[in-house]
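Dear colleague,

Please find below the structure that I am handing over to you. My notes on what was found in it follow directly after.

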Amino acid sequence: MPILSLSAKPLSRLPAKRGLSRLSRVQNLAFTTSRIRITMLKQQDHPGNESGSRPLYLGIDFGTSGARYALIDKQGAIHSEGKRTYPAVGQTTNWASSWREALFQLLGDIPSVHQPSVSSISIDGTSSTTLIIDSCRNNGELLAGPFLYNESFPDALPMISSIAPANHTVCSGSSTLCKLVSWWNKHCLNGGDDSAILMHQSDWLLWLLHGEYGVCDYNNTLKVGYDPETGSYPSWLMSQPYSHMLPSSVRAPGVPIGPIKEDVRSQYGFSNDCVVCTGTTDSIAAFLAARTTDPGKAVTSLGSTLAIKLVSRVRVEDARFGVYSHRLDDQWLVGGASNSGGVVLRQLFSDDQLVTLSRDIDPSSPSPLDYYPLPKKGERFPVSDPDMEPRLEPRPDSDAEYLHGILESMAHIEASGYKLLKELGATPVEEVFTAGGGAQNEKWTAIRERVLGVPVWKAEQTEAAYGAALLALRGATTGS
């Protein structure tokens, strides 16, 4: 079953029980805790399903500050959701232990009526978050890391630039390959460790459930140098002394790896036939959740930053702009991210001001103000300029006019991003779905639709856990 076809059917959320809206309002408070604790978003039973006999599919998203699960049926209806937070971020944070604890606590948080129906599981994790594991030990002992998604290792760039093609995805200090090479240079130049292997965050978490080393998906392996178009590692990478550390079995996202370990299955009461499926990155899972299926369809995420992803018939990559393509069956998901976004709005306005001032904006009227909203110096996409300064002046007397100018300027950045992808060879954008907090602002949506010149909609589903659940559904229903 193609990945993109998973979201073609209308998806629904089961009717919420009374009192759920209040619980939803307070759920964000859970992220302020210094200890892992549970905040259940939904624990609801499907009508007439007391026996838990209907197959359900579990997706788990491991984000930057917490983990979340979604449990869906074959029609895409959500039966249960929940989340766990990680301990307070700091020097003493043991990320691997936190992830492991959150994983198994989330499994335990699934309502008991649903546990026997869990037929498959998939997990997504942050891109380029990397661990070095001792494969000779059955407990997956950590030799180094985790090296987080945003950690940069520029010391490895000269060596990588000497072997990789110009502007390749791995030619970035935060790439998975840079993390691997940096570790290798510090620990193995005088003799390699044959038992050391590289695992991505979601690889390791899935391994805790199925126990088979070396399995990964072609979305996670992109930034270690895997070529999803040829289905293999390039020769320039395989000739390196650390190539034995790379995942040996790279598969499509959402295909079965094997049965869940018996001790895990019996502890949580999952189906006897429960299988563990390959995962993906968090951004890909969030894209899948948004139900964009055809070339030319795109998702713009308006969170702290402004990120775009576009389904394209053509693969496009250019490390100068942080542009790269993930494979989605026989198509490509091309993306880039600007430093502009909601973080700038938060520097200038409160949430209440954003709501109040937006009411006074006429989205059909172009703003004469020309800004480039950045939180600080530096831009990466659609302009690659580490020295670019924020441009937020002149400021008019009217705060509503000021906000209008900023929102419109961000819309022009978004339009420039899609224009750049087209210039690099990607399929032109035809329709945009919106995720993130900015999707709630209807005036901004109207401004963006005018500036982009294509229909703009709010995505129905945006949680990465939902996308991971779709992958679990794929694995259970295809069996290959």
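The protein contains 13 helices and 19 strands. Please bear in mind that this is a predicted model. Of the 480 residues in the protein, 57% are buried. Taking the contacts between residues at least 6 apart in sequence, 72% join residues at least 24 apart.

Helix α4 covers residues 176-187. Its 12 residues should span 16 Å at 1.5 Å a residue, and the C-alpha atoms at its ends are 17 Å apart, which agrees. Because 9 of these 12 residues are buried, α4 is largely enclosed by the rest of the structure. The buried residues are T176, L177, C178, K179, L180, V181, S182, W183 and W184. Among the elements that cover them are the strands β6 (130-134), β7 (142-147) and β8 (196-200), together with the helices α3 (157-163) and α6 (235-238).

Helix α5 (201-210) is mostly covered as well, with 10 of its 10 residues buried. These are Q201, S202, D203, W204, L205, L206, W207, L208, L209 and H210. After α5 comes G211, which has a positive phi near 80°.

The cavity

How many cavities of 30 Å³ or more does the structure hold? There is 1, and the space in this largest cavity is about 40 Å³. Its lining consists of S202, D203, L206, H210, V215, C216, D217, I257, T278 and G279. The element that gives the most is α5, with 4 residues. Sorted by class, the lining has 4 nonpolar, 4 polar and 2 charged residues.

Cysteines

The structure holds 0 disulfides. In the case of C277, which is in no disulfide, the nearest cysteine sulfur belongs to C274 and is 8.3 Å away. C277 is buried, with a relative accessible area of 0%. C188 also counts as buried, because its relative accessibility of 4% is under the 20% cut-off.

Residue L302

L302 belongs to strand β14 (residues 297-302), and at 5% relative accessibility it counts as buried. What does L302 touch, leaving aside residues up to four places away in sequence? The residues in question are T434, A435, G436, G437, G438, W444 and R448. L302 and G437 are 135 residues apart in sequence, while their C-alpha atoms are 6.1 Å apart in space.

Backbone features

Most residues other than glycine have a negative phi, and most peptide bonds are trans.

Where are the cis peptide bonds described here? One runs from F381 to P382, with omega near 5°. Another runs from E393 to P394, again with omega near 5°. P382 is in the loop between α10 (351-358) and α11 (399-423), and P394 lies in the loop between α10 and α11 too.

Two residues other than glycine have a positive phi: N167, near 65°, and D329, about 60°. N167 lies in the loop between α3 and α4, whereas D329 lies in the loop between β16 (324-328) and β17 (331-338). Are these two residues buried or exposed? N167 is partly exposed, with a relative accessible area of 34%. D329, by contrast, counts as buried at 16% relative accessibility.

Yours sincerely

Note on methods:
Residues are numbered from 1 along each chain as its sequence is written. This is a predicted model: local features need pLDDT of at least 70, side-chain atom pairs count only at pLDDT 80 or more; totals for chains, interfaces and linings use all residues. Side-chain values use heavy atoms; hydrogens and water are left out. On a 1 Å grid over the protein atoms alone, a cavity is a set of points where a 1.4 Å probe fits but cannot get out, and a pocket is an open set with protein on both sides within 12 Å along at least five of seven lines; lining residues have an atom within 4 Å of a point. Grid points are joined across faces, edges and corners, and a volume is the space filled by probe spheres set on the points. Helices (H or I, at least four residues) and strands (E, at least two) are DSSP runs, numbered from the N terminus. Ala, Val, Leu, Ile, Met, Phe, Trp, Tyr, Cys and Pro count as nonpolar, Asp, Glu, Lys and Arg as charged, and the others, Gly among them, as polar. The expected span of a helix is 1.5 Å times one less than its number of residues. Buried means under 20% relative accessible area, exposed over 50%, partly exposed in between (1.4 Å probe, protein chains only). Contact means heavy atoms within 4.5 Å. A disulfide is a pair of cysteine sulfur atoms within 2.5 Å.
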